[in-house]
Amino acid sequence: MYSISTLGSHCALQVLKGAKDEGFKTMLICEERRINLYKRFRFIDRLIMVKDYKYEHVCSEPVINELKDNNCILVPHGTFIASMSVEQIERIDIPFFGNRYILRWEADRTLKERLMVDAGIRVPRTLTLDDLDNGKGKVLAIAKLHGAAGGKGYFLASGKEQFMQQYNRLLSKGIVNSMDDLYLQEYVIGVPVYLQYFYSPLSKQVELLGIDRRYESDVDAISRIPAIHQAYARLEDITYTVIGNSPLVLRESLLDEAYKMGERFVDSVKRLVKYDMIGPFCIEGVYDRDGNFIAFEFSARIVAGTNLYINGSPYSYLLYDEPMSTGRRIAREIKLAIESNELDKVLT
Ligand code: AMP
């Protein structure tokens with residue numbers, strides 16, 4: 001008997017509900033302050049309390065022993081990445097569903113871009129300071145702090161002068177020490193779309209399980225007030241903090257290319273990364289006015305936007321005649337791998 005476990009946060013409810021629906025025992029590693037939330041859900045068989053999600057607490061001897069005693073398979077999500085270093089995640093002595101070695105590619109901007117370019121996915125142009133005022137006028141750029149997650153510390157600048165104002169502000173606050181701390185990218189005008197895929201190493205098929213868009217504060221809040229008031233709002237530190245996600249369906253004519261992009265991504269992982277893609281991943285970007293997709297990120301594991309579809313999405317319903325969340329799809333893949341004696345194909 002195997003059990004499925006994850007950290008209490010991000011998409012833990014979806015993952016464990018899916019695991020229970022597929023007949024697994026479920027175990028949640030949960031920090032003290034969140035126990036009251038997770039106690040409410042009967043599909044969680046066991047709560048293992050830890051102080052917080054730092055490596056030394058999640059991987060303490062008693063926790064690891066209990067997970068091992070229960071033949072546990074861990075499902076990684078965004079909170080693993082936010083709480084531990086890539087090296088620590090690679091060291092965890094419990095089998096992971098998914099390719100834990102690709103998380104290194106997700107965390108490093110250069111590797112990330114290499115993988116997307118290899119997959120023939122368009123990415124925004126990388127800019128130098130001189131590109132901000134070209135012969136034709138000012139260029140709108142987004143400056144990203146290296147290592148910053150979820151848009152924290154990002155700022156927009158039209159032209160060099162605006163950029164320098166913002167840069168000097170960050171310098172004086174000690175947030176950056178030099179230009180090397182920032183990464184300048186062309187700001188692509190388009191609508192943000194998050195494509196939620198699943199790759200099955202057993203069937204060798206890519207499935208599009210859902211699509212969402214994020215609802216981010218301040219950036220989605222600012223469009224609710226007229227431009228005259230925007231000018232007086234304290235916009236210099238506009239944030240992209242994700243507050244929630246909304247469902248989205250694509251124009252059907254865009255679906256074929258969305259599928260092909262997912263397939264090319266899986267092929268590139270095969271070529272460039274130790275171990276193939278396994279399970280959920282997400283390509284994140286914008287569609288421009290011509291319907292071209294330009295990607296600024298990928299997540300090589302389950303994303304929180306899949307929480308929209310605990311009961312299935314329009315796209316999963318086209319593939320499965322039953323409610324199929326990404327969490328449940330993970331458990332289904334594990335179950336099929338156990339039955340066909342191919343667990344090694346889905347675990348690292
Ligand atoms: P990220 O941390 O890369 O997911 O980015 C946070 C947010 O910044 C995204 O949800 C987008 O809205 C926005 N963003 C990032 N890069 C770009 C870009 N090159 N062009 C337009 N918007 C971007």
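Me: How many residues surround the ligand, and which are the closest?
Reply: Happy to start there, and do keep in mind that this is a predicted model. The shell around the ligand has eight nonpolar, three polar and five charged residues. In total 16 residues surround the ligand, and the closest are K144, Y154, Y194, E216 and E297.

Me: Which residue places a polar side-chain atom 2.8 Å from an oxygen atom of the ligand?
Reply: E186 has a backbone N or O atom 3.0 Å from a nitrogen atom of the ligand. A polar side-chain atom of E297 lies 2.9 Å from a ligand oxygen atom. The 2.8 Å distance to an oxygen atom of the ligand belongs to a polar side-chain atom of Y194.

Me: What percentage of the area that the ligand exposes when taken alone does the protein bury?
Reply: E297 has a polar side-chain atom 2.9 Å from an oxygen atom of the ligand. Taken alone, the ligand exposes 480 Å², and the share of that buried by the protein is 96%.

Me: From which domains does the shell around the ligand draw at least three residues each?
Reply: Good one! The elements giving two or more residues to this shell are β7 (140–145), β9 (182–186), β11 (205–218) and β14 (293–299). By domain, at least three residues come from each of domain 2 (105–122 + 190–227 + 244–345) and domain 3 (129–186).

Me: Is T326 buried or exposed?
Reply: T326 sits in helix α13 (residues 326–339). Leaving aside residues up to four places away in sequence, T326 touches Q14, L209, P280, I302 and T306. Because its relative accessible area is 5%, T326 counts as buried.

Methods. Residues are numbered from 1 along each chain as its sequence is written. This is a predicted model: local features need pLDDT of at least 70, side-chain atom pairs count only at pLDDT 80 or more; totals for chains, interfaces and linings use all residues. Side-chain values use heavy atoms; hydrogens and water are left out. A residue is near a molecule or strand if one of its heavy atoms lies within 4 Å of it. A polar contact is a pair of N or O atoms within 3.5 Å; within protein, one must be able to donate a hydrogen and the other to accept it, and residues adjacent in sequence count only if both atoms are side-chain atoms. Accessible areas come from the Shrake-Rupley method with a 1.4 Å probe; for residues, only the protein chains shown count as cover. Helices (H or I, at least four residues) and strands (E, at least two) are DSSP runs, numbered from the N terminus. Ala, Val, Leu, Ile, Met, Phe, Trp, Tyr, Cys and Pro count as nonpolar, Asp, Glu, Lys and Arg as charged, and the others, Gly among them, as polar. Domain bounds come from an automatic or database domain assignment. Buried means under 20% relative accessible area, exposed over 50%, partly exposed in between (1.4 Å probe, protein chains only). Contact means heavy atoms within 4.5 Å.
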